[in-house]
Each structure stands twice: as C-alpha cells, then as structure tokens.
Amino acid sequence: MRKIRVESVSKSYDGEVILDNLSLEIPGGKFFALLGPSGCGKTTLLRLIAGLETVDSGKIFLGDQDITNCPIYKRRVNTVFQQYALFPHLTVFENVAYSLRLKGISSDELSDRVHNALKMVRLTGFDAKQPRSLSGGQQQRVALARAVINEPEVLLLDEPLAALDLKLKEQMLLELIRLQDTLGTTFIYVTHDQFEALTVADKMAIMSPHGTIEQLDTPKKIYEFPESKFVATFVGSSNLIEGTLRIREGIMHVEVDSLGTFAVYFPVEKTWMISGRKILMSVRPEKLLITKSECLGFSNHLKGKVVDIIYYGRSTEYRVQVANGKLLMVFEQNEEHFPQETIDYDDVVNVYFQKENVVLLEY
Ligand SMILES: Nc1ncnc2c1ncn2[C@@H]1O[C@H](COP(=O)(O)OP(=O)(O)O)[C@@H](O)[C@H]1O
Ligand SMILES: [Mg+2]
C-alpha cells in the first residue's frame, strides 16, 4: 500500500486560513487517526485528499503519484461520513451494490461482491431490509460495506461513529480494527474524540486549532511523551507546572517558586533544555500518588489540601491545592485491594511522583 504525502498544503475559506502550510505523511496499509478539536480543519483535509475540494497551494501524493489535481473518480479513495447517507428507498443489498451497477458489473460477480462486503461488516442476511428499519450502528455498517466494495486503496472515515452511543461505539471501533486488518486498506480515521483515536490508531497525528500538525507518532508515544503544551492537555489530562530548569553535571532539576526543587529525568535532549531557562513540567494525574501517610522511595514530594473529590466509579479524581495556589489533579483507581485510608475534603495530603514520570515541555 502506498503512503500518502501531504506537502505544504494551504486552504482558506472566505479569506480565513483553515489549513496553514500543512505537511503530513500517512503510512500505507495502516490504521491512521487524525485527532484535533472541532473546527480545526480535519474534514477540510479529508475532502482535499478525497478530491472533493481543491488546494490553494501545496501538493498531495499517493506514493509517487501527484494526485493534487486528479479527478475524484480516478482516485482509489472512498469516504464514510458521520451521516450515513444511505439511499432510503433502496434495500441494503442495492445500497451496497449501487456503484457496481454503475460500472456495469455482471450480476453473478456483483452478487458475490455484495455478499462478501456484507459479511465483512457482519450484516449477512440483511439484503432485503430497508435502511430505516436498521439501527444507527447497522446503518453505519451498510455505509462501510458500500465504501469498501470498490476495494479502495484509501478509506477516509470522517467521525463515522459520532452518532452512536458509547457501548456501540466501543464495539464498532473493534470491528473497524478487524476490518482494516482483513482488508489491509489504508484507513484515515478523523475524530475529535481522543478515546477513539487512541483505541484504533497504529499511528496518529494531532492537529492544532490553527490547522497545523503538532505531533505524529504511535498513540502510546503521543500519550506518554507529548511534545507540546497543546498535545499534553488535549490528549488526556496533564498537570502543568512552570519552573526554571537547572542542569548541574548532567543532572536536571526544576526549581518552582514556593514549591521547591524537583528531580526530573528526560531521555531526549532538546535544544531548549538549557540551564536557567523557563520550562513546563507535565505530569499525568494518574502518575501522582496521594496519601495521608509518608512514603519513601519517591523522587518528588509535595504537600497540599484536598479541595475537590470527584467520584467516577472506576476511579476518583482529587484536586489538591499546593503552596503556590495551583490545583493538581490526581487520579486514583478505586481498586480497594487493601482497606484504604479515606481521603476527605480539607485533608492535608502528601503527593508523590517519580522523576521518570515528568515530561519537560518548552515554555
Ligand atoms: N465550504 C466551506 N465554506 C466556508 N467555510 C468552511 C467550509 N468548509 C469548512 N469551513 C470552515 O472551515 C473551518 C474548519 O472546518 P472543518 O474542516 O469542517 O473542521 P473539523 O472537521 O476539524 O471540525 C470551520 O471554521 C468551518 O466553518
Ligand atoms: Mg469535521
């Protein structure tokens, strides 16, 4: 499968810049997710790749082939939208068969291919049903079958599960992963929902509100090593603490006004990691340990007061106010393997974290 290369693409609507000199390389044959806040230009980018819109400047390549001005029907690219857009007056079979009929494919082959596509989305036996008699999830499967029947090289999925409830969404995400695996088609899955992107993606790109790519990597790398403040707070939650970086004999510390000095360890050296520079420490809330007792063996310690407790069922979030007035978020799993100490509002607590769990970000 050929990769897709978006090269310095810009696009404006009515004088407003939507995509700003955007470059992106999407690996072929993989499940790729594009994650960004609503309105950042994700759909615009997909429409450019599909050929439904034209670029103002820049180029789009499929492998070595420049497809920037290639007409839609010559691109082996298909799209599934959030709105299922099925033909309401046609049966499931005819909805899926539609594009094959236009191509004049013989009825035996057509029937085989439709049944194969329906089987792939687990809708065997649904041939004669009308779209309106199907649930939202089933309609979206018909839309998927219709999109894959032409064996596209690239399948674009624009928030395809946004209208489904959580349980159904989780199930469909797993089915999409299976489908991509079976077909080997390049999937580009666009969403504003980090849970969806982290679940499906082999690789993912984070798009900023300004229409640029902030970071591209595996979901795990993006989550564990965000490279900017935007990524650290858009994907999951992060505690961001401002401080001054100190490097002595290769060992890094961060000094924070009224909170003291913190040990940090960061495997990657960046040009901005200079002693005396203002930087941000980012720590995931689940990497903080909260307790009323004293613990040994942690690199870093803070004291604070509990000002908020939010119970989520499987976990609890504590908001802890520390000496500089800042609120820290702490997530604790509600495991209760051991009788736990109870933490209440206004309790004074210790918060501990390890230096390996600090991500340093440019200020
Ligand atoms: N055809 C269009 N004409 C004018 N403005 C548009 C058009 N399509 C999108 N936009 C604007 O471009 C911005 C990005 O839209 P879109 O690509 O749909 O974002 P996303 O899919 O990330 O939510 C929005 O402000 C939207 O209003
Ligand atoms: Mg959109």
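Begin by selecting domain 1 and domain 2 separately: their centres, taken over C-alpha atoms, are separated by 39 Å. Domain 1 covers 4–228 and domain 2 covers 237–362, with bounds that come from an automatic or database domain assignment. The model is a predicted one, in which local features need pLDDT of at least 70 and side-chain atom pairs count only at pLDDT 80 or more, while totals for chains, interfaces and linings use all residues. Residues are numbered from 1 along each chain as its sequence is written, and chains are lettered from A and ligands numbered from 1 in the order in which they are written.

**The whole chain**

Now display the entire protein chain. Its C-alpha atoms fill a box of roughly 75 × 50 × 35 Å along the principal axes. The secondary structure amounts to eight helices and 20 strands; these are DSSP runs numbered from the N terminus, with helices being H or I of at least four residues and strands being E of at least two. Of the 363 residues, 32% count as buried. A residue is buried if 20 or more other C-beta atoms lie within 10 Å of its own, exposed if 12 or fewer, and partly exposed in between, with C-beta atoms placed from the backbone.

**Ligand 1**

Select ligand 1 next. Which residues surround ligand 1? They are Y13, D14, I18, G36, S38, G39, C40, G41, K42, T43 and T44, where a residue is near a molecule if its C-beta atom, placed from the backbone, lies within 6 Å of it. This shell divides into three nonpolar, six polar and two charged residues. In this division Ala, Val, Leu, Ile, Met, Phe, Trp, Tyr, Cys and Pro count as nonpolar, Asp, Glu, Lys and Arg as charged, and the others, Gly among them, as polar. Helix α1 (residues 42–50) gives the most to the shell, with three residues.

Select residues 186–191, which form strand β8. Is β8 mostly covered or uncovered? It is mostly covered, for six of its six residues are buried. T186, I188 and V190 point one way, whereas F187, Y189 and T191 point the other way. In a regular strand the side chains alternate between the two faces of the sheet.

L35 has T191 of β8 as its bridge partner.

Select E151, in the loop between α4 (136–148) and β7. E151 has a positive phi of about 50° although it is not a glycine. Most residues other than glycine have a negative phi. E151 is exposed, because 11 other C-beta atoms lie within 10 Å.

Move to E159, in the loop between β7 and α5. Its phi is also positive, near 45°. E159 is buried, because 20 other C-beta atoms lie within 10 Å.

**The open sheet with β1**

Four strands form an open sheet in the order β2-β1-β4-β5, with antiparallel pairing. At the edges stand β2 (16–26) and β5 (65–66), each with a single partner strand, so one side of each has no neighbour in the sheet. Seven bridges join strand β1 (residues 4–13) to β2, and V9 stands opposite L22 in β2.

In strand β4 (residues 57–62), select F61. F61 is partly exposed, because 16 other C-beta atoms lie within 10 Å. Leaving aside neighbours within four places in sequence, F61 is in contact (C-beta atoms, placed from the backbone, within 7 Å) with I4, R5, E7, D66 and I67.

**The hairpin of β16 and β17**

Finally, select strand β16 (residues 300–311) and strand β17 (residues 315–322), which run antiparallel and are joined by seven bridges. Y311 stands opposite T316 in β17. The two strands form a hairpin with three residues between them, and G313 in the turn has a positive phi of about 95°. Six bridges join β16 to strand β19 (residues 348–353), also antiparallel, with N300 opposite F353 in β19.

How values were computed. Pairing = 2+ DSSP bridges. Contact = placed C-beta atoms within 7 Å.
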